[in-house]
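Let's walk through this protein together, one piece at a time. Have a look at the model first, and then read on.

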Amino acid sequence: MADGRPMPKGLKPATELGPILIFFAAYYFGDLFIATAAIMVTTVIALALSYYYTRTLPMMPLVTAVVVMVFGGLTLYLNDETFIKMKPTIIYGLFAVILFAGLMLGKSFIKILFDNFWDLSDEGWKKLTIRLAVFFLLMAVANEFIWRNFSTELWVNIKVFGFTAATFLFFIAQVPLITRHAKSDPSDKNA
């Protein structure tokens, strides 16, 4: 079965949001170290489920998983919560650098990821890539500011709810750009 199989309805969002929700629950019922171990385990499970059904490993979740394993492992091994708090900064920073590097090479990596969802002009993909790269950069800065200046409890709440909401709102705010730069379907011209 080289092509994979259909993923059951609801499993994709569960594999995307499950690890962060388990992290949140583990933090509140345990501590940051238990939450770190929980997100490491659930991230691997989410990737395994995704691979089982799709027979591919999506790039963004794979990069995230590698960073989770490295920084989560350092957190647990050294018994130092600093590393898990730096993880979002590293992930957001990496994504921003990758997107900006792609633009410098004349490529839109966002187009590769979202081409199945949207059919945009090259200018649209470029603008969306720039906006997303800047968004990731701002998220990295925000994470650094929050974990260095506020309590762990506040950081966990902002990481789980604030950053998730910010990402959702960012994509909602891109709807006008996506609509403006959507390629028209040639079959619609006669309608």
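**A walk through the helices**

Of the 191 residues in the protein, 37% are buried, where buried means under 20% relative accessible area, exposed means over 50%, and partly exposed is in between (1.4 Å probe, protein chains only). Keep in mind that this is a predicted model, in which local features need pLDDT of at least 70 and side-chain atom pairs count only at pLDDT 80 or more, while totals for chains, interfaces and linings use all residues. Residues are numbered from 1 along each chain as its sequence is written, and side-chain values use heavy atoms, with hydrogens and water left out.

What is the chain built from? The secondary structure comes to eight helices and zero strands. Helices (H or I, at least four residues) and strands (E, at least two) are DSSP runs, numbered from the N terminus. Read from the N terminus on, the elements go α-α-α-α-α-α-α-α. Along the principal axes, the C-alpha atoms fill a box of roughly 65 × 45 × 30 Å. Now for contacts, meaning heavy atoms within 4.5 Å: among those between residues at least 6 apart in sequence, 70% join residues at least 24 apart.

Next, let's see how some of the helices pack. Two packed helices are described by the angle between their axes and the distance between the axes. The axes are lines fitted to C-alpha atoms, for helices over the stretch in contact, and the angles run from 0 to 180 degrees between N-to-C directions.

Start with helix α1 (residues 11–29) and α2, which pack at an angle of about 170° with their axes 7 Å apart. The two helices are therefore roughly antiparallel to each other; angles over 145 degrees get that label, those under 35 count as roughly parallel, 65 to 115 as roughly perpendicular and the rest as oblique. On the α1 side you'll find residues including Leu 11, Ile 20, Phe 23 and Tyr 27, and they meet a set in α2 that includes Leu 32, Ile 39, Ala 46 and Tyr 53. Sort the residues of this contact by class and you get 15 nonpolar, four polar and no charged. Here Ala, Val, Leu, Ile, Met, Phe, Trp, Tyr, Cys and Pro count as nonpolar, Asp, Glu, Lys and Arg as charged, and the others, Gly among them, as polar.

Move along to helix α2 (residues 32–54) and helix α3 (residues 59–78), whose axes come within 9 Å and cross at roughly 150°. So α2 and α3 are roughly antiparallel to each other. Their crossing is left-handed, a label for when the near helix is turned anticlockwise from the far one by less than a right angle, with right-handed used if clockwise. Among the residues making the contact are Phe 33, Met 40 and Leu 47 of α2, and Leu 62, Val 68, Gly 72 and Gly 73 of α3. This contact divides into 12 nonpolar, five polar and no charged residues.

Let's zoom in on Leu 62, which lies in helix α3. Leu 62 has a relative accessible area of 28%, so it is partly exposed. Leaving out residues up to four places away in sequence, Leu 62 touches Leu 47 and Leu 57.

Further along, α6 and helix α7 (residues 152–173) pack at an angle of about 165°, with their axes 11 Å apart. That makes α6 and α7 roughly antiparallel to each other, and their crossing is right-handed. Arg 131, Phe 135 and Asn 143 are among the α6 residues here, meeting Trp 155, Phe 163 and Phe 170, among others, in α7. By class, this contact has 12 nonpolar, two polar and one charged residues.

Is Asn 143 buried or exposed? Asn 143 is buried, because its relative accessible area is 0%. Apart from neighbours within four places in sequence, Asn 143 is in contact with Lys 85, Pro 88, Thr 89, Trp 155 and Phe 163.

Finally, look at the rings. The whole structure has 13 aromatic pairs; rings of Phe, Tyr and Trp (its six-membered ring) pair if their centres lie within 6.5 Å, and planes under 30 degrees apart count as stacked, over 60 as edge-to-face and the rest as tilted. One of the pairs is Tyr 92 with Phe 136, stacked at 6.0 Å centre to centre with 20° between the planes. Tyr 92 is in helix α4 (residues 82–104) and Phe 136 in helix α6 (residues 122–149), 44 residues apart. Both Tyr 92 and Phe 136 are buried.
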